[in-house]
Amino acid sequence: MEGFAYMRATLYTNGTILTMDREQAEVEAVGVIGDTIVAVGTREEVEAALPRGYRAVDLAARTMVPGFNEAHNHMIGYGTTLRQIDAGFPTVRSIQEIVDAVAARAIDTPPGEWIVGRGYDDNKLDEKRHPNRWDLDAATSVHPVMIGDGSGHLSAVNSMALQLAGVTRDTEDPVGGHFVRDEHGEATGVLHETAQEPIRRQVPVPTVEDYVESLRRCNDAYVASGITSSQDAGSSTPDQIRAYQVAVERGVLKLRTSMMIRENLLPQITSLGIAQGFGSNQLRVGPIKMFIDGSLIGRTAAVTQPFLNDPSDNNLGLTMMPQEQFEDYVMQAHLAGYQIAVHAIGDRGIDWVLDAYEKALQAQPRADHRHRIEHCGICRPDIIDRIERMGVIPVSQPVFIIEYGDGFIRHLGMERVQLTYPFRSFLDRGIKLTFSSDCPVSSYVPMKSIQAAVTERTGSGASYALEEAVTVEEALEMYTVAGAYTTFEEDIKGQIKRGMLADFAILEEDPRSVDPMSLADLKVSETIIGGETVYEA
């Protein structure tokens, strides 16, 4: 071990160590040199692998697990929301409280500057509807206002925002979007999907420095919950990609980050010869990311059966582009050698994705493509069959069940929700299911997602799809091993195993012994990335 003499060596022992390695599921000790695990096993075995003068860390009966891998989230987006109005439940419970929050922000905001917020769920507002332009006009008439719902797929804006964007009663709906109108044909200020874009173009574009600050805020929150790796679900501009590089250079982004590149940048990165995985284990290029439908809670996901309790009797959701154009994007990315990750929540949207993947794989077979479906919400039995046969990875968000499950039941009915986020059905078929949060759409805290997957209970405590529940051990695996697999990094992280990166989360208690309905409250006492403590309670 002489070659390691200059590197710090550490022994972790005297606690519960869950390795997520099925051949050695629980061990007594772990040895680390530098940023790498060099030994696992009994204390004696690990001590023998370490040089003299190693540092001993007493876990003090706490539980060590591999660091959580957040497989689908929006890092810059989350950091940005921390500076906006929090319109989420339970911070606000009514449209009037949203109006009050906007009015309060307007007091300290110069006239003409934007007021932005996010997070409401119309199902949880007292009025059981979306705020509209007239509601928001009551808060201010001298500031443009934009308040997004929790999904980010729908927004409410005031009259000034519509005027700045040039949206009138004569403005046609864009492809993949809808301006909600009243009985007189006037835009109400409620915007579905791509109809948000004309207003968003009026909001000042953040600078690289703004993005770096957002990444700092995101990093600090994530590591405090035990997250050590993060997969950003959509870098769409050069400034965003630059911000990740700057944040790593400055040391403010400690999370190991994989950037999903939006399809609009595909020509640029292919022309530069940048392949999937380019970069390092700190910052790397991930899959090509696309959208094909909207959100389930906003009733814009592309479905085959109409949503229930919706203003329209035949709302089948929205698709973001014509099917032929979508399939062309998929083919281009596949032929260029990229893994592809497509946002699809409704069963009609998932059908489109599987059709596109099938055509691409027929054109150019690839044994280990690991193409993904992000969210993969409403599944029929035949969809599950196709996912298994094609080797597609569903990247799911169990936390949706807690935060939005009551709304899912309201808009789908109990029969359809039984296969909406079907965890057990996927696992029993050997499908490589992966867990994540989609933050800021939902809480980034992994233990909250794990609670949802284990209990299948909504935020109100109602039963969701009880037969789709998984065990705590399985849920932990979906947040560690599976996350590494989705980025082709299963040889370096996701398990506490010799040769792996020393990325750990240390929990106050063993999650297997905690009341399942209290898993979300289980605290992280320390987070370690590459052998270095990046968070300590």
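Author: At 1% relative accessibility, Cys 376 counts as buried, since buried means under 20% relative accessible area, with exposed over 50% and partly exposed in between (1.4 Å probe, protein chains only). This is a predicted model, where local features need pLDDT of at least 70, side-chain atom pairs count only at pLDDT 80 or more, and totals for chains, interfaces and linings use all residues. Residues are numbered from 1 along each chain as its sequence is written, and side-chain values use heavy atoms, leaving out hydrogens and water.

Reader: What makes Cys 379 buried or exposed?

Author: Its relative accessible area is 4%, so Cys 379 is buried.

Reader: How do you know how many disulfides there are?

Author: A disulfide is a pair of cysteine sulfur atoms within 2.5 Å, and by that rule the count is zero.

Reader: Why is H11 called roughly parallel to H12?

Author: The axes of helix H11 (residues 347–363) and helix H12 (residues 381–390) cross at roughly 30 degrees and come within 11 Å. Angles under 35 degrees count as roughly parallel, over 145 as roughly antiparallel, 65 to 115 as roughly perpendicular and the rest as oblique, so H11 is roughly parallel to H12.

Reader: Which residues of H12 does H11 meet?

Author: With contact meaning heavy atoms within 4.5 Å, H11 meets Ile 383, Arg 386, Ile 387, Arg 389 and Met 390 in H12.

Note on methods
Axes are lines fitted to C-alpha atoms, for helices over the stretch in contact, and angles run from 0 to 180 degrees between N-to-C directions. Helices (H or I, at least four residues) and strands (E, at least two) are DSSP runs, numbered from the N terminus.
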